[in-house]
Amino acid sequence: MTRFDTAHHAGQHWSVGRLVRVGTLLLMAAVFAVPIMTFMILSLRQEDEIGNIPGGIYSLEGLSLDNVARNLDIVLTFNNGLFATWMTNSMIISVLATTLAVCTAIPAGYAIAKLRFPGRSVLRFVTLLTMVMPNTVLVIPIFLEVSAVGRIFPMFSIGQLWPVIIIMAFYPFGVYLSYIHFLTTLPRELIEAARIDGLGDVSIFVRIAAPLAKQAVALVVFFSFVANWTNYFLPLVLLPLAKQQPVSIGLQHLIAASPIFDPTKSAGLAVSLWMPQLALATTITNIPLFILFIAAQRVLMRGAVVGAVKG
């Protein structure tokens with residue numbers, strides 16, 4: 001191949017369409033990466049350095065791990081260690097709700113995809129309808145329902161973690177992901193052969209469908225955990241006390257307690273939260289999501305194409 005042919009081939013390889021796609025992806029990556037990098041850099045600074053940095057906020061001058069330790073101590077001692085309580089509440093809610101979501105979404109998706117029963121089409125439509133319904137629309141009805149149930153069962157009343165966990169466990173998007181997975185990757189001939197061998201519907205799911213659902217499980221775990229960890233409106237309504245709330249609401253308390261945003265509210269607090277402390281708290285809040293994504297990245301990449309080809 002001559003030099004001209006090589007250059008011509010390279011020009012075809014990097015067509016205008018590909019340049020546009022790559023440029024768009026890089027732009028979107030920058031939109032998400034720049035705020036994260038900004039939070040991490042701010043965590044390495046002191047509050048008196050902000051605004052007085054010769055090279056700008058992204059300068060390496062003045063960055064120190066000692067500043068991180070100091071900022072972390074301020075965050076952890078805020079309001080008698082309330083930040084650690086928020087992180088613990090978020091972990092309890094997210095882990096338990098995600099576990100229940102997997103236990104309900106995978107069988108439900110299999111049933112809608114492969115079983116024939118009255119009301120199957122209606123159930124599939126209701127699942128899709130629930131997916132597109134805004135969470136804010138359901139907050140007040142859920143509050144009234146939990147209040148009524150709490151009069152009979154105190155452990156499921158307002159101010160308890162269990163109502164939040166159970167409500168978050170009903171995850172229609174996870175049902176839809178499971179439905180698409182079984183619809184496109186589990187041949188009906190395999191199910192019919194299992195029935196000929198004498199297996200019932202439950203045995204077919206446990207012995208055949210469930211072992212083939214690793215990618216669907218990974219997708220449901222990831223998206224459910226992220227949705228539960230970042231959920232704001234439901235815990236805000238059902239968990240009125242600060243010590244009961246998750247960190248998604250706790251960050252709002254930190255912002256409100258900062259002199260940057262409201263000097264009057266922070267006047268009586270022993271600990272003042274400035275930009276480095278808020279940035280560090282935000283970074284810590286996102287660490288579980290980063291760990292989960294890294295741990296499940298390989299399965300997520302394969303699961304993202306569920307439904308594209310039949311396996």
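**Figure 1. Contacts across the protein chain.** Of the contacts in the protein chain with a separation of 6 or more, 70% join residues 24 or more positions apart. Contact means heavy atoms within 4.5 Å. This is a predicted model, where local features need pLDDT of at least 70, side-chain atom pairs count only at pLDDT 80 or more, and totals for chains, interfaces and linings use all residues. Residues are numbered from 1 along each chain as its sequence is written, and side-chain values use heavy atoms, with hydrogens and water left out.

The protein chain has 15 helices and zero strands. Both are DSSP runs numbered from the N terminus: helices are H or I with at least four residues, strands are E with at least two. Of its 311 residues, 36% count as buried. Buried means under 20% relative accessible area, exposed over 50%, and partly exposed in between (1.4 Å probe, protein chains only).

**Figure 2. Helix α3 packs against helix α14.** Two packed helices are described by the angle between their axes and the distance between the axes. Helix α3 spans residues 65-76, and helix α14 spans residues 275-295. Their angle is about 80 degrees, and their axes are 9 Å apart. Axes are lines fitted to C-alpha atoms, for helices over the stretch in contact; angles run from 0 to 180 degrees between N-to-C directions. The helices α3 and α14 are therefore roughly perpendicular (under 35 degrees is roughly parallel, over 145 roughly antiparallel, 65 to 115 roughly perpendicular, the rest oblique). From α3, the contact uses V68, R70, N71, L72, I74 and V75. From α14 come P276, Q277, L280, A281 and I284.

**Figure 3. F222 pairs with F293.** The whole structure holds ten aromatic pairs. Rings of Phe, Tyr and Trp (its six-membered ring) pair if their centres lie within 6.5 Å; planes under 30 degrees apart count as stacked, over 60 as edge-to-face and the rest as tilted. The centres of F222 and F293 are 5.9 Å apart and the planes sit at 55 degrees, so this pair is tilted. F222 lies in helix α11 (residues 214-230) and F293 in helix α14, so the pair ties together parts 71 residues apart in sequence. F222 is buried at 15% relative accessibility. F293 is partly exposed at 33%. Ring pairs also link F222 and F293 into a cluster with Y171, F173 and F223.

**Figure 4. F225 stacks with W229.** Their ring centres are 5.7 Å apart and their planes are at 20 degrees. Four residues separate F225 and W229 in helix α11, about one helical turn. Both are buried: F225 has a relative accessible area of 9%, and W229 has 2%.
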